[in-house]
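This report is meant for a reader meeting the structure for the first time. It moves from a single strand to its neighbours, then to a sheet, a pair of helices and a division into domains.

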Amino acid sequence: MSNEIELIKDPGLPAHVHRSTDTDPKAAARAERQVAILFGLSALGTITLIYSYIFIKDDVFVFIPILGQTHLQQLGIGLGMALALFCIGAGLIHWAKTLMPDEEVIAQRHEFRSEDEDRSEFIKTVKEGASAAGLGRRPLIKTTLGAALGLSALSPILLLRDLGPLPKDDLSKTSWKAGTRLVTDPGDRPLRPEDLEVGAVAQTLPEIEAGAHRSLADIGKDAVLLIRLRPEEFNLDAERLSWTHEGIIAFSKICSHMGCAVALYEQQTKHLLCPCHQSTFDVTRAAKVIFGPSARPLPQLAITVDADGYLVAQAPFTEPVGPSFWERSS
Amino acid sequence: MTARERIAGNVAGYVDDRTGAAKWMKKNLTKVFPDHWSFLLGEICLYSFVILLLSGTFLTFWFDPSMREVVYEGSYEPLKGLEMSAAYASTLDISFEVRGGLLMRQIHHWAALIFMVGIVVHLMRVYFTGAFRKPREFNWIIGVGLLTLGIVEGFLGYSLPDDLLSGTGIRIAEAIIQALPLVGSYLAFFAFDGAFPGTAFIPRIYTVHVLLLPGIFLALITVHLMLVWYQKHTQFPGPGRTEKNVVGYPLMPVYMAKAGGFFFIVFGVTAFLGAVASINPIWLYGPYTPGQVSAGSQPDWYMGWLDGLVRMAPPIETHALGHTISWNILIPGLILPGIMFTGLALYPFIESWATGDKREHHLLDRPRNTPNRTAIGVMALTFTLVSLINGGNDIIATTFHLTINQMMWFSRIAIIVLPPIAFIITKRLCLSLQRADRDLVLHGRETGRLVRMPSGEFVEVHEPISAEKAWLLTSHEQLAPLELPEHDASGVRRAGLIKNKIRNRVSRAAAVAVPKATETERRELEGHH
Ligand code: HEM
Ligand code: FES
């Protein structure tokens, strides 16, 4: 049945149509001129670049619509370079399209598979080679070789061991201890409750000795946000309420999702928002997650005041701050 | 013979005397390349890679990959006197102190974006035209490798300046490492030489960014191009084009001039973007500190889909036996991307398994003629696009006055519902396009001219299409479904029955098509008129 059906036939490559530049010497001369103009424009571009680099002062700004205030020197260098490069390209392509031969040529393909004879000999050689090595017949060699290769793969892993220390309990600990004062970041000023009005937020860090230096790694675990509400606005259990002081509540600023700084506080809703993936935490309910991908509240830091009336931590954090990890137990 | 031709001849002779390359060169200089705009996509990738090498090397002369703290004393007033890493300070210096430095940074960043767009669109061209089929599976896999490494390379690149935005990106990468069960905290501590962010990370990724990965890129791109060369380029179907030939232009001089010219065009366009379009103005973000974040944090677009998946993940963690598994990080950050890239890499093998087609193919498919493949592709794109859109959910929400909540639920539902819908619509669309092709061949093109028949009714005049067009619309082959036997000769169920059943079903789905028009039918229709 199928061989009765006649398919539509290939009419073959259409006849070549000549361009005007092939037949008309005037058109060809015009194309040649156009190519030359493009190359000339390119040279102009390079000159612009050189001029801008040497002669335009680097404190000159000009206003250009859409771009706004623009650094003239960078702009001159850049536009010069763009013109220089683009016109070389445009010239080459115009030349190829108008003046180089445009007759399509046909080349033949061959199948990649080799002749049957070559192929079977090749396969035979491989097989013979494999059996001459005799791996199959010498299980002892096979096993020991496998083991040796496998073991040797351990060395690069082992040699990378000194890339860093073991984590130990580093991920679970911060610098906060009972009695550590909360100081402003930036500024390093200790805070009294009356420094914070109701509705205000403060970013704080644990106090360090004068002259001592905080590493970024410390800040990455120690950053704490203070927020002051009216005490009756809290919706906390007795323990958590006792961790607050006169309506001031303290949370780790490091997001419990992937560790960004939870930087946005919405006064009306009393929500903390992490700008990275929009996890949203309810301040009145101990930073319970009310939206977004984070699965845990922000750890709360118990605070109180010391003898001098400054805000201090009652105790260290009771859980690790920041993103989860395998050894984390809750 | 002109003097110039004599010189060219002498050079050729000089080279052959010393290398015996004449035979090889003769064959390869006249090598034929088919011409199509979509074949330029791969070239864009190649050229932007060269631009990245050049502009990147320029940047290395001033960039100081160190997290040592310095006090900024440069000419950018707002940051004067601030403590920052040497990496950030030197990036500021490149931007403000080095003439053309900002231009080079912007060219480098734009070239990176063009490189990634180029790879993705090139991959789509290869996918939707079936260019990955035998014998080109190796190049498909290399391409998927380049895409993956490109994403990593780009991420490491924009992490280098150590500004507030990029530091936030590194923080998130660290959280993904840390979330790995069993080894996570160890790997994180090894990578960062202690607790995040430490002082080792930028110098380490610098080596990876400027040496290790570019070296691997160079090797992969070389093999990729050698294979294209050796296997010859695929071509679109058309009159005179067969599985056994290549129709196009010879390398010397036409293709060389065009390809060389195109390099300069890509470089010129990139330089233009670098000159006028500001990108990654790191001085606005400030130096990185883990206690701060810039609102509306956005990664480059080629990472955006990953960020979008992370943002829409449900908040699930498992706490058991004193351990934590963060599904909200592992699923969007590792498991889903792992499945996506593995599926992508294996697609050629899956398709040839499903269709049973093990032959060589050098003629490309028109996407409509492979409705199943095309629909799968559009489905995967839809999935990625929803993730990408959700990666900018905060920006979209503020732009269109939606709440983040609405955006999130839209994405969570859309990512499950839209891909299958996209599959169905695309498949139908392909089939109706096939039907339109068939009608065109059988009945000709509608001319819009009406004539009045003797009977008084009006009919539209149809003009027959050219023989070339008719061939283009019917030259594809239509595969029959596999129909693997489910029982052997004696009626016993065969081993692997379920596998065969699945294969039969998939191959039947892949073979759904509108029968193409034939000469026989055309003649029959003519007889009726
Ligand atoms: C596929 C290859 C590459 C990609 C996708 C890529 C991407 C990037 C990106 C997005 C940046 C951030 C630029 C910014 O906005 O400041 C960057 C920075 C940088 N890249 Fe690359 N790059 C590539 C190859 C290279 C190579 C080959 C070198 C050097 C030989 C290099 C050297 C640098 C340097 C020194 C920086 C930091 C300086 C700065 O940010 O100003 N890159 N890269
Ligand atoms: S890091 Fe805060 S929501 Fe992801």
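Which residues of strand 7 of chain A lie on one side and which on the other, and are they buried or exposed? In this predicted model, A:Ile248, A:Ala250 and A:Ser252 lie on one side of the strand, while A:Ile249 and A:Phe251 lie on the other, and all of them are buried, so that both faces of strand 7 of chain A are covered. Because five of the five residues of this strand, which spans residues 248–252, are buried, strand 7 of chain A is largely enclosed by the rest of the structure.

| Partner of strand 7 of chain A | Residues of the partner | Sense of pairing | Bridges |
|---|---|---|---|
| Strand 6 of chain A | residues 224–228 | antiparallel | five bridges |
| Strand 12 of chain A | residues 300–301 | antiparallel | two bridges |

A:Phe251, one of the buried residues named above, takes part in both pairings, for it is the bridge partner of A:Leu225 and is also bridged to A:Gln300 in strand 12 of chain A. Strands of a sheet pair through backbone hydrogen bonds, either parallel or antiparallel.

Elsewhere in chain A, four strands form an open sheet with the order 8-9-10-11 and antiparallel pairing. Strand 8 (264–266) and strand 11 (288–291) of chain A stand at the edges of this sheet, and because each has a single partner strand, one side of each is left without a neighbour in the sheet. Neighbouring strands of the sheet are turned against each other by 35° on average, with direction ignored. Within it, strand 10 of chain A (residues 280–282) pairs with strand 11 of chain A in the antiparallel sense over three bridges, and A:Asp282 stands opposite A:Lys288 in strand 11 of chain A.

In chain B, helix 11 (residues 301–312) packs against helix 15 (residues 404–443) at an angle of about 105°, with the axes 10 Å apart. An angle from 65 to 115 degrees counts as roughly perpendicular, and helix 11 and helix 15 of chain B are therefore roughly perpendicular to each other. Where they meet, helix 11 of chain B contributes B:Leu309, B:Arg311 and B:Met312, and helix 15 of chain B contributes B:Met408, B:Ser411, B:Arg412 and B:Ile415. By class, this contact has four nonpolar, one polar and two charged residues.

Finally, chain A is divided into domain 1 (20–98) and domain 2 (173–313), and the centres of these two domains of chain A, taken over C-alpha atoms, are separated by 58 Å.

Terms used: Residues numbered from 1 in each chain as written. Chains lettered and ligands numbered in written order. Predicted model: local features only at pLDDT ≥ 70, side-chain atom pairs only at ≥ 80, totals over all residues. Heavy atoms only, no water. Buried < 20%, exposed > 50% of the residue type's maximum accessible area, 1.4 Å probe, protein only. Pairing = 2+ DSSP bridges. Axes fitted to C-alpha atoms, helices over the stretch in contact; angles between N-to-C directions. Parallel < 35°, antiparallel > 145°, perpendicular 65-115°, else oblique. Contact = heavy atoms within 4.5 Å. Nonpolar A, V, L, I, M, F, W, Y, C, P; charged D, E, K, R; others polar. Domains from an automatic or database assignment.
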